[in-house]
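Please walk through this model with the sequence and coordinates side by side, moving from confidence to cores, then to strands and charged pairs.

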Amino acid sequence: MRRLLLLPVLTTALLTACTGTEEVQYAVQLNVLTNVDTSGRAAQLRALNTDGGSVNTVPVTGGVQVLPVSGSRRVISVRVDGAETRTPQGEDPQPFADPGFTPCYTRAAQDAARTRLLLLSECSGVQRAALFSSDTRALIWSALLPTYLPPVTTSDTPPTRLAVQGDVGLISRARLNGGSEIIRVAIPGGTSAPEVSAPLAIPAVFDLVPYGGRVLAATATGIQALTSSGEPDSATTLSAFGAARYDRLWAGGANNTLLAAWRSNVLAATSDSPLRLWDGAATTAATVATLADIRDLTLPSDGKAYVLAGSALNRYDVTLGLSTGNWAPRTLASLTAPLSIAWTVPVTTP
């Protein structure tokens, strides 16, 4: 039997009767970037409750990604030309500091505690990275990355991925002669300027995520922790997922104990692929569902998983699934070209 997750006391819904009628108040709320255009960028930020009901919709320009912040009372919205935090309703944008260059943001990543935000800018072939405090929106460092010579893109070229551990930024990108290369950006002790490492050739890496005090990499031979120099260590392959390839990794849940992994059905030449979830203790990761075209997912502390698969927003009961095998799947909404999803804690009315 799988171990039941210990979750903080978060009820799915609270009933109040302030006006003589029952009003549902949700423990968490969802923010989704939708309406992706031909450039691959989103034009709307939608706020939804965890039953799929619409709370608010605001326009955005060049939406890239949404992410939660450490306090979970606001959401980070990353756009091509800037980033800001917003309320759970998607309003009151508060911009992050000027990175010291004109940004063309394409990717974002956070540390496990969600207190740091790493942004990658790619303008006319020039790559720059900037690390910010998620809480204060202050710039910690920005750096010009070594010249990038990308290989000819194929359907299986390793993507560019980011990870953050403390104030260290990691950037993995496809290598000209095959596989990937990784760059480490950090501020050495006693100095104030960031130091950028030379690109280190490594096996192909398809995703990165901080988990369990380490940065994990999805490789062709399993999920492996990176060494201090940035190489995947085959001796650390997570046996719960086997020596199989995965293309996407996500971490979250109460105390960040959950790790989800998915192999792209397109790259695997299948109609769909299993979404697998591990609680950090079981001998084998559980299969949540078999899905095609997973765009993104988020794992809040309410014991659920919210998954963007194609145009559908699906919900799965993680607590129930890990203990009984019943994931209680439910499609909450059909969305127009969704891109990214994050969770926040809405402000409740006394």
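A residue counts as buried when its relative accessible area is under 20%, and as exposed when that area is over 50%. By that cut-off Lys-304 is buried, because its relative accessible area is 12%, and Asp-317 is buried as well, because its relative accessibility is 17%. The side chains of these two residues, Lys-304 and Asp-317, meet in a salt bridge with an N to O distance of 4.0 Å. Lys-304 belongs to strand 26 and Asp-317 to strand 27 (residues 312-317), so that the pair links distant parts of the chain, 13 residues apart.

The model is predicted, and the protein averages a pLDDT of 92, with 93% of the residues scoring at least 70. Over residues 1-21, however, the pLDDT is below 50, although this stretch has 46 contacts in the model beyond near neighbours in sequence. Where pLDDT is low, the predicted coordinates should not be read in detail.

The largest nonpolar core holds 20 residues, and the members that touch the most others are Leu-275, Leu-277, Leu-291, Val-307, Tyr-316 and Trp-327. At least two core residues each come from strand 22 (258-262), strand 23 (273-278), strand 24 (286-291), strand 25 (294-298), strand 26 (304-309) and helix 1 (318-324), while strand 24 gives the largest share, four residues.

How many residues of strand 18 (residues 205-211) are buried? Seven of the seven are, so the strand is largely enclosed by the rest of the structure. Strand 18 pairs with strand 19 (residues 214-219) in the antiparallel sense over six bridges, and the bridge partner of Tyr-211 in strand 19 is Arg-214. The hairpin formed by these two strands has two residues between them, and Gly-212 takes a positive phi near 60° there.

Side chains of opposite charge can pair when their charged atoms come close. The structure holds 15 salt bridges, and one of them joins Asp-207 to Arg-161, with the closest N and O atoms 3.4 Å apart. Since Asp-207 lies in strand 18 and Arg-161 in strand 13 (residues 161-165), the pair ties together parts that are 46 residues apart in sequence. Asp-207 counts as buried at 6% relative accessibility, and Arg-161 counts as buried at 16%. Elsewhere, the side chains of Arg-79 and Glu-84 meet in a salt bridge of 2.8 Å, N to O, and both of these residues are buried.

Technical notes:
Residues numbered from 1 in each chain as written. Predicted model: local features only at pLDDT ≥ 70, side-chain atom pairs only at ≥ 80, totals over all residues. Heavy atoms only, no water. pLDDT = per-residue confidence, 0-100. Contact = heavy atoms within 4.5 Å. Core = buried A, V, L, I, M, F, W, Y, C linked by side-chain atoms within 4.5 Å. Buried < 20%, exposed > 50% of the residue type's maximum accessible area, 1.4 Å probe, protein only. Pairing = 2+ DSSP bridges.
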